Amino acid sequence: MKACFMGLGYIGLPTAIIAAKHGIEITGVDINLRVVEMTNAGKLHIIEPGMEEMLREVVQAGMLKASTKPEVSDAYFMVVPTPFKGNHEPDVSYVEAATRAVLPFLKEGDLFVIESTSPVGTTEAMAKILFTERPELEGRLFIAYCPERVLPGNVIYELVHNDRVIGGLNPESTEKAMEFYSQFVKGKLHKTDCRTAEMCKLTENSSRDVQIAFANELSLICDKAGINVWELIALANKHPRVHILQPGCGVGGHCIAVDPYFITADFPAESKLIADAREINNYKSFWCAEKVKNAMLEFELKHHRKPIVAMMGLAFKPDIDDLRESPSKYITTKVMQSCSNAEILVVEPNVKEHNVFKLTDYREAYEKADIVAFLTAHTPFRELPWREDKVVLDFCGIFRRNG
Ligand code: SAJ
C-alpha cells in the first residue's frame with residue numbers, strides 16, 4: 001500500500017515514519033525544501049526522542065521518501081497546520097491547499113483523511129471541493145476525519161497506543177479509514193461521523209484549557225491571599241474526586257492555545273466558559289510579565305542599580321524545543337521591550353541558537369542574575385539550588401514557591 005502524507009511537521013512526520021515502519025510505502029510532502037532534504041538524509045528536523053533512528057531506518061529501507069510534490073498513492077493524509085487569523089477565526093487555507101494539491105492524483109477507491117485540527121464542517125467542505133473539481137469521483141472516494149492526540153515528547157508511544165476517533169463522511173469511509181489505522185495503532189479505534197470527530201478534537205483541547213485556566217485563576221487568587229498555590233493544589237488533590245492541573249505562565253503551543261477559538265469563533269453565544277478560559281490563560285502571561293517588571297523596579301529602588309534578570313525557558317512547555325505560541329517567549333519579549341536598557345539573560349537549554357534572542361547557559365544565567373523568572377519547567381532547572389540572595393519568580397513550580 002502507498003500513502004501520501006501532506007505535511008511533515010510535528011505530527012505528519014512521526015505518523016509517516018511509524019506507518020512506513022509498518023510496511024506502508026510513504027511519500028512525505030512538505031513545501032519546505034529544507035525539511036524535505038533533511039528527511040531524505042535521515043535527519044529529523046524536530047526534536048522527538050527516539051524518532052531519528054526510526055526515520056533513518058525507514059529512509060534506508062526505501063519505505064519513506066520526502067518530496068515537495070505528492071505522488072499517486074492509495075491513501076492521502078492532510079497533516080498541515082490550521083492556525084487562526086487576526087480575529088481568532090480559524091484559517092483552513094493550508095488544509096484546502098493540501099487538498100487541492102492531491103486532487104489530480106485521486107482515483108476511485110482512494111482514501112482521503114484529514115488529521116489537521118479543523119473547525120466543525122471542514123471534512124464536508126473539503127469533500128465538496130473534491131467532488132466539484134473531480135465530479136466523476138463523487139461517491140467513489142473514502143473520506144474521513146481522524147484527529148491526532150499525541151503529546152509532543154512522547155510521540156512514539158502515543159501514536160501507537162492512544163485510542164483514536166475516526167469519523168467518516170459516511171459509514172463506508174469510516175470503515176476504510178479504520179482499516180488503514182489498524183495497521184499500526186494498538187489503541188482502540190472509535191467510529192463516529194466526521195462532524196463529531198472534528199468537535200471531539202476541539203473538545204479535548206478546550207477541556208484541558210479550561211482546567212488549566214482554573215489552576216491559573218487559583219494562582220492569581222493565592223498570590224493576593226498569601227497562600228502557596230502549589231501546596232494548596234497538592235492538598236486539594238488529596239480529595240478522591242478533585243484533580244486540579246498546575247498553574248504556569250500561560251498556555252502555549254499550537255493546539256490548546258488555538259483550538260478553543262475554533263469553537264468560540266463558530267458558536268460565540270454558547271461558548272462563554274471556553275472563551276473565559278482562553279482569556280484567563282492569556283491574562284496569566286501578561287500578569288507574569290508585569291510581575292517581572294515590578295520586581296525590576298523594586299530592585300532598582302532598593303539597590304540603586306539596574307538588576308540583571310534571567311528569563312528561564314522559552315519553549316511552550318517543559319523539555320521540548322518548540323517555541324510556537326509560547327507564553328515564555330511572549331513574557332520575555334514584553335520584559336525586553338519595556339526594559340530595553342536592562343541586562344536580560346535569556347535561557348533555553350533545548351535550543352542551540354535563536355535568530356532573535358541571544359541565549360545564555362542556564363547555570364551561568366542563574367549564577368549571574370539578581371532576578372530569576374522561571375517560565376518553563378525544564379528538568380535541568382530543577383537541579384538548581386534555591387537561592388535566598390536572589391529574587392526568584394517561580395511561575396512554573398520549579399521550587400513550588402509562589403513567585
Ligand atoms: N500546561 C499548564 N499546566 C498544566 C498542563 C499544561 O500550564 O497542568 C501548559 C503547558 O505548559 C503548555 C500548555 O499548557 O504551555 C499545553 O501543554 P500540554 O502538555 O497540555 O499540551 P500540548 O499542547 O503539548 O498537547 C495537547 C494535548 N492535548 C490534551 O492533553 C488534551 C495532546 O494530547 C494533543 O495531541 C495536542 O494538544 C494536539 O496536537 O492537539
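Which of the 19 residues around the ligand come nearest? In this predicted model, they are E148, R149, K201, R208 and F316.

**View 1. The shell around the ligand.** Among the residues that come nearest are E148 and F316.

**View 2. Polar atoms facing the ligand.** K201 places a side-chain N or O atom 2.5 Å from an oxygen atom of the ligand. R149 uses its backbone instead: one of its backbone N or O atoms is 2.6 Å from a ligand oxygen atom. At Q246, a polar backbone atom lies 2.7 Å from a nitrogen atom of the ligand. On its own, the ligand has 760 Å² of accessible area, and the protein covers 86% of that.

View 3. Where does the ligand sit among the pockets? The space it takes is the second largest pocket.

**View 4. The two domains.** Domain 1 spans 2-194, and domain 2 spans 214-394. Their C-alpha centres are 34 Å apart. Domain 1 brings 13 residues to the contact, and domain 2 brings 13 residues as well.

**View 5. The ligand and the two domains.** Why does the ligand lie between domain 1 and domain 2? Because both domains give residues to the shell around the ligand.

Methods. Residues are numbered from 1 along each chain as its sequence is written. This is a predicted model: local features need pLDDT of at least 70, side-chain atom pairs count only at pLDDT 80 or more; totals for chains, interfaces and linings use all residues. Side-chain values use heavy atoms; hydrogens and water are left out. A residue is near a molecule or strand if one of its heavy atoms lies within 4 Å of it. A polar contact is a pair of N or O atoms within 3.5 Å; within protein, one must be able to donate a hydrogen and the other to accept it, and residues adjacent in sequence count only if both atoms are side-chain atoms. Accessible areas come from the Shrake-Rupley method with a 1.4 Å probe; for residues, only the protein chains shown count as cover. On a 1 Å grid over the protein atoms alone, a cavity is a set of points where a 1.4 Å probe fits but cannot get out, and a pocket is an open set with protein on both sides within 12 Å along at least five of seven lines; lining residues have an atom within 4 Å of a point. A molecule sits in a cavity or pocket if more than half of its atoms lie within 2 Å of its grid points. Domain bounds come from an automatic or database domain assignment. Contact means heavy atoms within 4.5 Å.
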